[in-house]
Amino acid sequence: MKIDHSVPLEYSTEENKMKILGFWIFLGAEIALFSTLFAVYFTLQTNTNVGPSASDLFHLSPVMIETILLLSSSFTIGLGVHAMRLGLKKPMMTFFGITLVLGAAFLGVEVYEFVTYVGEGATIQTSGFLSALFTLLGTHGLHVTFGLLWGGSILLQIKKRGFTPETANKSFIFSLYWHFLDVVWIFIFSFVYLKGLM
Amino acid sequence: MKQLFPAQHVLGFLFSLLLTLVALVTVWFDLSFAAGLTILVVTAIVQASLQLFLFMHVKENAESKTLYMNILYALFVGLVTIFGTLFTMHWGYMVK
């Protein structure tokens, strides 16, 4: 295996470069996936049946907390990758750890929100609007949940093996995934919540 | 300690919080639907680009041209999906 030392470790082999490119193509497919869910939501958002409408249901504070948590986690994982490039194992693990904690907190608020919605009689079966809403939010939340497991196992590998072309590559790809989830959330925040409250 | 917090990242983060506040204007003030939506579209696009260029390091990738093509293609597919759906299902292109 040829290691190119002129680039960061995560790009240092031919295979690593290919994996990063491949992951970007996967993210392209994820954009297509979330677009279909947004399309469904925009189509059904006024079909509220007997249930609440978007402006009845949404509250700004939990959504703001979720947004700030996810934006901060995106920042800390960025710092994690930066620390990794400086070759600092401990700070990198700390930043990745904080990222995962913030991600878990985000999920906690989201679950709390879902429970509140259902408590108000807004279930996934109540109306077309709510089916589309829960599917969109749920798919994003599922991605975050998967990210927690993925990120957690990467942290274990870094702890055991340190920075190698493989572990650096995995960490960088995971950071791409995490930033992508933040981007999706920005669109949910803007075009589902704020637009609904507007 | 200082080297762990590069200025670019910190400023980018503060800017992303600022963009969130700007987007909140649409809820706090009674704007027209068009004005509100314009603000949301602009802040969301800037916010997404910030992530893409600052945190996802698109530019430094040796294959950045391929990446841009891939992202643009995905966005094209996504926008056609969303607006094509709205066009047929919502704006009623057949019903006049």
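Guide: Let's start with a term: a residue is buried if 20 or more other C-beta atoms lie within 10 Å of its own, exposed if 12 or fewer do, and partly exposed in between, with C-beta atoms placed from the backbone. The structure is a predicted model, in which local features need pLDDT of at least 70 and side-chain atom pairs count only at pLDDT 80 or more, while totals for chains, interfaces and linings use all residues. Residues are numbered from 1 along each chain as its sequence is written, and chains are lettered from A and ligands numbered from 1 in the order in which they are written.

Visitor: Thanks! What share of chain A is buried?

Guide: Of the 198 residues in chain A, 43% are buried.

Visitor: And how many helices and strands does chain A have?

Guide: Chain A has six helices and zero strands. Here helices (H or I, at least four residues) and strands (E, at least two) are DSSP runs, numbered from the N terminus. The C-alpha atoms of chain A fill a box of roughly 65 × 30 × 25 Å along the principal axes.

Visitor: How do α1(A) and α6(A) cross?

Guide: Their axes come within 11 Å and cross at roughly 20 degrees. That makes α1(A) roughly parallel to α6(A), because angles under 35 degrees count as roughly parallel, over 145 as roughly antiparallel, 65 to 115 as roughly perpendicular and the rest as oblique. The axes are lines fitted to C-alpha atoms, for helices over the stretch in contact, and angles run from 0 to 180 degrees between N-to-C directions.

Visitor: Which classes of residue make that contact of α1(A) with α6(A)?

Guide: There are 12 nonpolar, two polar and two charged residues. For the classes, Ala, Val, Leu, Ile, Met, Phe, Trp, Tyr, Cys and Pro count as nonpolar, Asp, Glu, Lys and Arg as charged, and the others, Gly among them, as polar. Two residues are in contact if their C-beta atoms, placed from the backbone, lie within 7 Å.

Visitor: New topic: how many residues of each chain touch the other chain?

Guide: In chain A, 37 residues are in contact with 39 residues of chain B. On the chain A side, α1(A) gives the most, with 14 residues. By class, that side of chain A has 24 nonpolar, 10 polar and three charged residues.

Visitor: At what angle do α6(A) and α2(B) pack?

Guide: The angle is about 175 degrees, and the axes are 10 Å apart. That makes α6(A) roughly antiparallel to α2(B). Among the residues that meet there are F187(A) and F191(A) in α6(A), and L40(B) and F55(B) in α2(B).

Visitor: L40(B), okay. How far is its C-alpha atom from that of K2(B)?

Guide: The two C-alpha atoms are separated by 34 Å, and the residues are 38 apart along the chain. K2(B) is in the segment before α1 (7-28) of chain B. K2(B) is exposed, because it has 6 other C-beta atoms within 10 Å.

Visitor: What about H57(B), buried or exposed?

Guide: H57(B) is buried, with 21 other C-beta atoms within 10 Å. H57(B) is found in the loop between α2 and α3 (64-89) of chain B, and its phi is near 50 degrees, a positive value in a residue other than glycine.

Visitor: Where is N49(A), then?

Guide: N49(A) lies in the loop between α1 and α2 (54-57) of chain A. Its phi is positive, about 50 degrees, although N49(A) is not a glycine. N49(A) is exposed, with 11 other C-beta atoms within 10 Å.
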